[in-house]
Amino acid sequence: MSNSPVTIIGAGLGGLTLARVLHVNGIASTVYEAEASPTARAQGGMLDIHDYNGQLALEAAGLMDEFGGLVLEGREAARLVDRDGTVLFDQPDDGTGGRPEVQRGELRQLLLDSLPAGTVRWGHKVSGARALGGGRHEVTFADGTSVVTDLLVGADGAWSRVRPLLSAAVPEYTGMSCVEVYLHDADTRHPASAKVVGGGALYALAPGKGFVTHREKGGNLHTYVMLARPREWFADIDFTDAAAAVARIAGEFDDWAPELTALITDADTAPVLRPLAALPAEHRWERVPGVTLIGDAAHVAAPNGEGANLAMLDAAELAQSLATHPDDIETALATYEQPMFPRSAETAAEGTELYAVMFGEDTPHGLISMFTGESQQTD
């Protein structure tokens, strides 16, 4: 490999894991991130990091002990309730699960702290990328600066600016959006909602809609109000008017238990609309010298608990492949991509099936069967 460092676009969990595992293997890299600083925006909510993908990446990064210090005990509990608040399924966290929960922002900070100073260049928003030939690429930033690299990795999410070098595919709306809100200090300030949520995750589901809520640190309840509606339906809602937006969304649940609807009507934060977009499940590309993608840039799917885990595993496997083939970038990239394509396709297909179970006509009974491990009866 030449002396020019690996150039990584995006300082999310995937890009930072890649930089860390490269560093562990003695390979320099530079991460360019559009945001101005690590604290430029909130870093999302809870993540369950799985023992079959995300934790493997943390092992490769040499960070499992530190990761253990971030785990929030008891958060693998799961509860499923009917629209009237009746508990249909309640699974406590007995400490034997393989999906411990951490705060995304804390995991990101752990990765940042594990990198040599100066690895991440903040405030570098990519405006374009072009091939120069011979596997070299030039990345141009919004401030007019640019960098030329022998190896470019797009870790820049669903709307990647690196992806067009490899693929014409763009994410498309899945037909579902979520509206994100928080209740703060809920045990004290919102006791009825805190009680129905329980100690971990709450699922209150009906065909085409529902509440998915996670108990985070400090008694905060983080809710995703899920609605299968066209983009145009949401476009008619003025989200700059928080009260009106909340009223419109809550109106879709007007016959639900008040402790459930309070998850949005009593929200301590303004509602944030997040349309869910996905690339085709079988998305892949022909090998292009000197460039590849990891995480959502390669295979964004509707959120199903695997996105961050897959991004981190992609990163670790790419870094390890580069360390194994230090003088042959193309072999390293091909070796990384070959198992990544079918893995991401399989996970995307599983996610589509999960949404059909969660929000289809048979909900919540199909999801109860999934939780309890019972086979679902089909007519």
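**Close-up views of a predicted model**

**View 1. Arg-215 sits in strand E14 (residues 209–215).** Helices (H or I, at least four residues) and strands (E, at least two) are DSSP runs, numbered from the N terminus. The model is predicted: local features need pLDDT of at least 70, side-chain atom pairs count only at pLDDT 80 or more, and totals for chains, interfaces and linings use all residues. Residues are numbered from 1 along each chain as its sequence is written, and side-chain values use heavy atoms, with hydrogens and water left out. Arg-215 has a relative accessible area of 11%, so Arg-215 is buried (under 20%; exposed is over 50%, partly exposed in between; 1.4 Å probe, protein chains only). Its side chain reaches the backbone oxygen of Gly-198 at 2.6 Å. Residues up to four places away in sequence aside, Arg-215 touches Met-46, Arg-75, Asp-187, Ala-194, Gly-198, Gly-199, Gly-200, Asn-220 and Leu-221 (contact means heavy atoms within 4.5 Å).

**View 2. Glu-337 lies in helix H12 (residues 329–359).** The relative accessible area of Glu-337 is 4%, so this residue is buried. The side chains of Glu-337 and Arg-287 form a polar contact of 2.6 Å (a pair of N or O atoms within 3.5 Å; within protein, one must be able to donate a hydrogen and the other to accept it, and residues adjacent in sequence count only if both atoms are side-chain atoms). Beyond neighbours within four places in sequence, Glu-337 contacts Trp-285, Arg-287, Val-291 and Thr-292.

**View 3. Helix H1 (residues 13–24) packs with helix H11 (residues 307–324).** The angle is about 30° and the axes are 8 Å apart (axes are lines fitted to C-alpha atoms, for helices over the stretch in contact; angles run from 0 to 180 degrees between N-to-C directions). H1 is therefore roughly parallel to H11 (angles under 35 degrees; over 145 is roughly antiparallel, 65 to 115 roughly perpendicular, the rest oblique). Leu-13, Gly-14, Thr-17, Leu-18, Val-21 and Leu-22 are the H1 residues that meet H11. Residues on the H11 side include Ala-308, Met-312 and Leu-322.

**View 4. Asp-185 lies in the loop between strand E12 (172–183) and helix H5 (186–189).** Phi of Asp-185 is near 50°, a positive value in a residue other than glycine. Asp-185 is partly exposed, at 33% relative accessibility.

**View 5. Pro-364 is in the loop between H12 and helix H13 (365–372).** The peptide bond from Thr-363 to Pro-364 is cis. Its omega is near 5°.
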